[in-house]
Every structure is written in structure tokens, then in C-alpha cells.
Amino acid sequence: MSDTKHTALHDIHKRLGARMVPFGDWAMPVEYSGISKEHTAVRTRAGLFDVSHMGEFFVRGREALDLLQFVTTNDVSALDDGQAQYSALAYPEGTVVDDLLVYRIDPENYMLVVNASNIRKDFDWLASHNRSAATLEDASDRTTLLALQGPQSENVMASLVASSPEDIAYYRFRTETVAGVSGLLSRTGYTGEDGFEFYFPRAESESVWTAMMEAGAHLGLLPAGLGARNTLRLEAKLLLYGNDIDGTTSLIEAGLGWIVKLDKGDFIGREVLAQQMESGVARKLVGFETLERTAIARDHYPVEIDGREVGRVTSGGPSITLGNNIGLTYLPTENAIRGTRFQVRIRKRLVDAQVVPTPFYKRRRSE
């Protein structure tokens, strides 16, 4: 379609033989050499993702902190310069406008990273609650974002920067020159592995991508698409907006109470979230595995307990790393207990499943 958006690396993806799919308003690479191969590369070596469809906003000014404290659920005042934070925008009902990252550049300058499908909605939401001197800027269209993920990512990055990437701690960032291009280099990740994100001007996209791929070639670096990104994040139980959380799901139901800081003062959704944290919720998000090795519980499949539909699979599929079939779903709180059995309707057949601990996969750290 003529209104489909392309990242600045669209031509490179096509030359690499990527299978392109519509993702929201974007044409994005879902796989290059195969989802399983790319997934395994990230778990064992490294993968490079073009995630330039994500949104980047800047919030600046003397009252920037006040605005962010009111519209986000986590405590932005706890951040130091060069530190990032996982947070959320909540509706007054405690449900999710979006989940996002907050980067504190300095006390009057913050960057927010939001989901691609929510860029316009999120910016309008921020603007509608900005009754202060804070200024808002949407830098999404001029920003490229590359995510280098995997145990070899630090070694790949080390050959591209002047100072050691080892100095960037988890959920920290700094202004850095990568392959001769200045941008913001962070260490967060959405795969369950170590890795880096580089935000930089769109005009420099091809040169930086090429430099990263060449630097990692001898270490087994592969280009990776959204297919592997999805299987990796599911194993690590990293939630996906639109599947696991949305405007109908409470942050407490989703197990995200740890990013709700009631003691910071007033914020949107605080009253309802406080009540839920005190009194509990009727359902909770759980991880499960199917008990038949060949039975794959896909997104949106019905979930039943004692013949009654109680929900749907929010995310599901094979675990490439673990070799079983896993998923996430909301269950009534009394059933959201490790070991609880229920059924997933896979096509016309009911298949047994069992609640298991999450994350399904957790990387081993040397430190």
C-alpha cells in the first residue's frame, strides 16, 4: 500500500532476502535466514535487529519531570543522568495506554521510547496532559534504532566505539560515536540476552548497519527479524503491547506492580492501582506449557477451565531454546498458581496445559 511506512534500511532488508510483512503501518523484516536460526544466533552469538519503527519522544524543560511523574507509573525522580527506566502510561482505570522506556539525559531533558503502533496515541496523550512549561517533540521519523543482542554483542560493539562498551551498565546509556556516527547507546534489551540499542540519525542508517554487520561477521552475527524477536521475548516473559497488555488489562493483573510507585505522589491511574494492590485482582497473567509436545498454543486460542472459557492465549508458540511449547494467558486469580492445569482449545481439540514459573528462560550471567 502506498501509505505503508518503510524504515531507512528497507532496501538493505530486501537485498538480504528478508521476508517483509506488514506490522501496524510498517513493512518490517520478519525473518532473513529463518526464525529458528536467528533466534539461536541471538541466544548463542549475536543478532542485529532494525527496530526503527519504534517511537522516540523528547520531553524538555523545567517542568519535564513533573509531567512525567504525573503521566507515568514508575518514579522518574529516582533516575540519574544516563539511566533508563521501564514504565507505563496508564488510563485512570489502571489499564495500559502503553509500556515504554524513560531515559534521563539530564534533569530537564528526557527521551521516551514507545511502541510503534502507539506513537500518535501516546504523543496525543502526553500533550493532552501537558499543562506545564514542558516541551514535547516527536523525533520518531528522523531516528533509526538498531538493537544488537546476544552474548557476543559487547565484543561486536567494542570494535566500533572508542571507549569500552563494558562501562555501560544494565539500563544505562551514554552519548557515543559508533562507526563514526554520533548517537545514544544504551543497554536494555528485549530478548532476554545482553545487548545494546543505538539511536542515531536516519540519514546514517546504512553505514551503521553495514559497519555492525562487518564487525560481527567473524563472531557469527546474523541479521534478525521480528519473528525471532517475538520468540526471544516470549521465552524471557517480556510483554508485548496489543497481546499481553492493552487498554483492557490492568498493570496489576499483568504482574507489573513493580513499576507502579504509589509513594511518589499523584499520577494517572494511582487510585485504582492502589486499590488493586491492596485488595487484589480477579485475574492474573501466567506462563504455561502445553503437556503434549506437539501441541502449540498460538496467540488468541481459547483457554478453558472445567469446560468454561476463561480467556485466550495472549502470546504462545514453540520455545526454540527449551524445546517445549509455551505461552501466556490470564487466568482467574484462584487458578493462577504454579501447577494448575487447564485446557487450550487448539483448533477443535482441547489440549492440557499447566501453569509454570516465569520467565521461561533466564540467561546465565558471569558477574
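Student: Where is Pro359 found?

Tutor: Pro359 sits in the segment after β20, the strand that covers residues 349-356. Keep in mind that we're looking at a predicted model.

Student: And the peptide bond from Thr358 to Pro359, is it cis or trans?

Tutor: Look at omega for that one. From Thr358 to Pro359 the omega angle is near 0°, and the bond is cis.

Student: Okay, back to β20. Which strand forms a hairpin with β20?

Tutor: That's β19, with two residues between the strands. β19 spans 341-346, and the two strands pair in the antiparallel sense over six bridges. To see one of the bridges, find Gln343: its partner in β20 is Asp352.

Student: Is Arg347 buried or exposed?

Tutor: Compare its relative accessibility with the cut-off: exposed means over 50%. Arg347 comes out at 68%, so it counts as exposed.

Student: How many bridges link β15 and β20?

Tutor: Four, and the pairing is antiparallel; β15 is residues 283-290. Among the details you can check, Glu289 has Gln354 in β20 as its bridge partner. So β20 pairs with β15 as well as with β19, by the rule that two strands pair if at least two bridges are found between them.

Student: Now zoom out. How many helices and strands does the protein have?

Tutor: Eight helices and 20 strands. The radius of gyration is 21 Å, close to the 21 Å that the globule rule gives for 367 residues, so the protein is as compact as a globular protein of that length. Its C-alpha trace spans about 60 × 50 × 50 Å along the principal axes.

Student: What share of the residues counts as buried?

Tutor: 56% of the 367 residues. As for contacts with a separation of 6 or more, 64% come from residues 24 or more positions apart.

Student: And how many positive and negative side chains are there?

Tutor: 40 positive and 49 negative, with the centres of the two sets 6 Å apart. The protein exposes about 16,100 Å², and carbon and sulfur atoms supply 49% of that area.

Notes. Residues numbered from 1 in each chain as written. Predicted model: local features only at pLDDT ≥ 70, side-chain atom pairs only at ≥ 80, totals over all residues. Heavy atoms only, no water. Rg over C-alpha atoms; globule rule 2.2 N^0.38 Å. Buried < 20%, exposed > 50% of the residue type's maximum accessible area, 1.4 Å probe, protein only. Contact = heavy atoms within 4.5 Å. Areas by Shrake-Rupley, 256 points an atom, 1.4 Å probe, with all protein chains shown as cover. Lys, Arg positive; Asp, Glu negative; His and termini not counted. Charge placed at Lys NZ, Arg CZ, Asp CG, Glu CD.
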